[in-house]
Amino acid sequence: MKKFIILFLFNSVIFLNITGQKFYRINGEFTIKGKTADGKNQLTMGKFYYDKSIQKLVYISNFPIDETWVSVDTNLYKIANNKVIARYSSPPLSLFSIFHLALTSQINNYGLKNSAFTISKVEKQNDMVITTWQPPSSMSKITGKVLISNKSNTLFGIVFLDSKSKVIKKQFFENYQNVSGVEFPMEITDITYTGDKENYQVTSYKNVVIDETTKNMYFDFPIPAY
Amino acid sequence: MKKFLLIISLFLAAYLKVSANEADLFSYNKVAVQTALSDLSVLESYVIEHPALAIVNVTKSGSLMINGIELFTNPFMGGGDAPLGIPAFFWGCVLGIIGVAIVYFATNGDMNQVKNAIFGCIPWVVVWIIWYFLIYDVAKTVTNPYIAPGY
């Protein structure tokens, strides 16, 4: 009986340890390549830092110019030479970033689980499970559904539709790597639609690190006086 | 046992309904994307091989123009005009009234975007009202020792 209890407690400890593991930091290198339908280009390269307890999303670009972008609360700061060059009001972008979703295990539903959207159906097609998130009926003439597809229990794509079921935006998450226990997509492709034209953006990540214990000054990047 | 398996199969079949139309939405022309971004990929390779030279080129030009390509730098614009490239109604739906205000400022007062955010905000307000009057109020009444039953 004693052996049984010890074995039970041992297994419980292991189970709690596994399920209770909390990741809090992610950092690495990024490259963003983008092209809009009206001919705007983007090639931005640098490093990113995110700590979910601080909720500051920090992009330190070294190309095409040295500048830092920090999203914190509802502010987006552009910093260069230790000065705030510009400040914009914005949604709390960090909370909807792939980094926050990865650290909080919300990638599979893109954080919609805690929103006003509700699941209207789940479908399976080949190797994809497609979940349709429906806005409330009062909004059905104005807004559309959000469809999320998962492959092998990881997020593959998101499709935003308007009220006429026309695609507004598609986002694809590919080249997943398991980084210290966190499944992270190393390539994200965005396709947004302006009329019949398509805008492309591909974001690539490399050298991703989970729970880095140093580099605190980057994770909590100080915002210079504005 | 057979009946059990049959019921399970029927349940799964109903739950995992197959629809080709919606699955088709999750395809994209990867070659077209790569082709559209090919000049940027060339530039990326050049920068990786010669990082210092590339930055000097940008600095000398006095603008973010390199190899004839003008570059914008905001990593938060997801290829479109909306914040993160996500439609305004989404922000309204998830963030409520604050989301509407944020969309207003983030889009420099684009009223079409703001209108979408307002409509997105409506269910958020309804949920909040239900929560406040039905759940929070009841909970307060039950747990507040200073409110006598019947009030």
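Of the 151 residues of chain B, 32% count as buried. Keep in mind that this is a predicted model.

Let's stay with chain B for a moment. How many helices and strands does chain B have? There are 7 helices and 2 strands. Read them from the N terminus and the order is α-α-α-α-α-β-β-α-α. Next, the contacts. Take those in chain B with a separation of 6 or more. Residues 24 or more positions apart account for 45% of them. The accessible surface of chain B is about 9600 Å². Carbon and sulfur atoms own 68% of that surface.

On to the cores. The largest nonpolar core holds 35 residues. Which residues have the most contacts inside this core? They are Ile26(A), Phe99(A), Phe184(A) and Tyr205(A). Helix H2(A) gives the core its largest share, 5 residues. There is also a second, separate core, with 23 residues. Among its members are Tyr200(A) and Val202(A) from chain A, plus Val33(B) and Val47(B) from chain B.

Now the aromatic pairs. Over all chains the count is 13. One of them is Phe99(A) with Phe184(A), and this pair is stacked. The centres are 6.0 Å apart, with 10° between the planes. Phe99(A) sits in helix H2 of chain A and Phe184(A) in strand E12, residues 182-194, so the pair ties together parts that are 85 residues apart in sequence. Both Phe99(A) and Phe184(A) are buried.

Here is another pair: Tyr110(A) and Phe160(A). Why is it called edge-to-face? Because the planes of the two rings stand at 75°, and over 60 degrees counts as edge-to-face. The ring centres are 6.5 Å apart. Tyr110(A) lies in the loop between H2 and E7 of chain A, and Phe160(A) in strand E10, residues 154-162, so this pair links parts 50 residues apart in sequence. Are these two buried or exposed? Tyr110(A) is buried, at 4% relative accessible area. Phe160(A) is buried as well, at 0%.

At 16% relative accessibility, Asn109(A) counts as buried, because the cut-off is under 20%. Leave out neighbours within four places in sequence, and Asn109(A) is in contact with Trp133(A) and Ile148(A).

Two charges lie over rings. Arg25(A) is over the face of Phe219(A), 4.2 Å from the ring centre. Lys151(A) is over the face of Phe156(A), at 4.0 Å.

Last topic: salt bridges. How many are there over all chains? The count is 10.

Start with Lys35(A) and Asp39(B). Their side chains meet at 3.0 Å, N to O. This pair crosses from strand E1 of chain A, residues 25-35, to helix H4 of chain B, residues 38-49. Asp39(B) is partly exposed, at 29% relative accessibility.

Second, Lys121(A) and Glu22(B). The closest N and O atoms are 3.6 Å apart. Lys121(A) lies in strand E7 of chain A and Glu22(B) in helix H2 of chain B, residues 20-24, so the bridge joins two chains. Lys121(A) is partly exposed, with a relative accessible area of 29%. Glu22(B) counts as buried, at 12%.

Third, Glu174(A) and Lys30(B). The distance is 3.5 Å, N to O. Glu174(A) is in strand E11 of chain A, residues 167-179, and Lys30(B) is in helix H3 of chain B, residues 30-36, so this pair also joins two chains. Lys30(B) is partly exposed, at 32%.

That's the tour. Questions, please.

Key. Residues numbered from 1 in each chain as written. Chains lettered and ligands numbered in written order. Predicted model: local features only at pLDDT ≥ 70, side-chain atom pairs only at ≥ 80, totals over all residues. Heavy atoms only, no water. Buried < 20%, exposed > 50% of the residue type's maximum accessible area, 1.4 Å probe, protein only. Contact = heavy atoms within 4.5 Å. Core = buried A, V, L, I, M, F, W, Y, C linked by side-chain atoms within 4.5 Å. Helix = DSSP H or I, 4+ residues; strand = E, 2+ residues; numbered from the N terminus. Areas by Shrake-Rupley, 256 points an atom, 1.4 Å probe, with all protein chains shown as cover. Salt bridge = Lys/Arg side-chain N within 4 Å of Asp/Glu carboxyl O. Phe/Tyr/Trp six-rings, centres within 6.5 Å; stacked < 30°, edge-to-face > 60°. Lys NZ or Arg CZ within 6 Å of the ring centre and 35° of its normal.
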